[in-house]
Amino acid sequence: MESGFESWIVREFRHPVPSEYQDFLCRGVAAAYAESSTPSRAYLVTGDGDEYEVSEWFSAERIPDIYRCCCAEGLIAEHLLPIFDSCGCVAALDCDERSSAYGSVLLQAPEGYFDDARRENVYEEPVLLARSFSDVLADLEGTQDVTKASLQDGTHEGR
């Protein structure tokens, strides 16, 4: 990971980022999960049992561009850092210390509408996916093997 990522967070993001997320990027876990999910499918399963297919992890190098693009389109707020693309939706880490969901992972659907009065795109509130980023890793790690096995024997229905 390039050393400029941490300085970019401080300069551009202006919010503290939980260390587990930075550790995740530094360890290169994102690449490992993305590679292992390529032959089959990886799903993030929430506590309610909802499944979200993880399409693509955003590497540290790509996050600044993804973040700026999402902010410009009104997809995510300033205090959200994108983590992955899930079936066309942006999953982001909430890093706003003033938020009751600080450190939680949210899913923002791309559907919205253009507000003429505000002259910008408006999107629905993001859906809470997980209470912490470590929950995301645990859920994803726990479901990948199950998903691979069920895809091989034909018991898992794709969404």
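Trainee: Which residues is S86 in contact with, neighbours within four places in sequence aside?

Mentor: S86 is in contact with Y52, E53, V54, S55 and L107, leaving aside neighbours within four places in sequence; contact means heavy atoms within 4.5 Å. Keep in mind that this is a predicted model, where local features need pLDDT of at least 70, side-chain atom pairs count only at pLDDT 80 or more, and totals for chains, interfaces and linings use all residues. Residues are numbered from 1 along each chain as its sequence is written, and side-chain values use heavy atoms, with hydrogens and water left out.

Trainee: Is S86 buried or exposed?

Mentor: Buried, with a relative accessible area of 2% for S86; the cut-offs are under 20% for buried, over 50% for exposed and partly exposed in between, using a 1.4 Å probe and protein chains only.

Trainee: What does the side chain of S86 reach?

Mentor: The backbone oxygen of E53, at 2.7 Å.

Trainee: New topic. How many residues are in the largest nonpolar core?

Mentor: That core has 40 residues, and Y21, W57, L81, F84, V105 and F133 are those with the most contacts inside it. A nonpolar core is a set of buried Ala, Val, Leu, Ile, Met, Phe, Trp, Tyr and Cys residues joined through side-chain atoms within 4.5 Å.

Terms used. A polar contact is a pair of N or O atoms within 3.5 Å; within protein, one must be able to donate a hydrogen and the other to accept it, and residues adjacent in sequence count only if both atoms are side-chain atoms.
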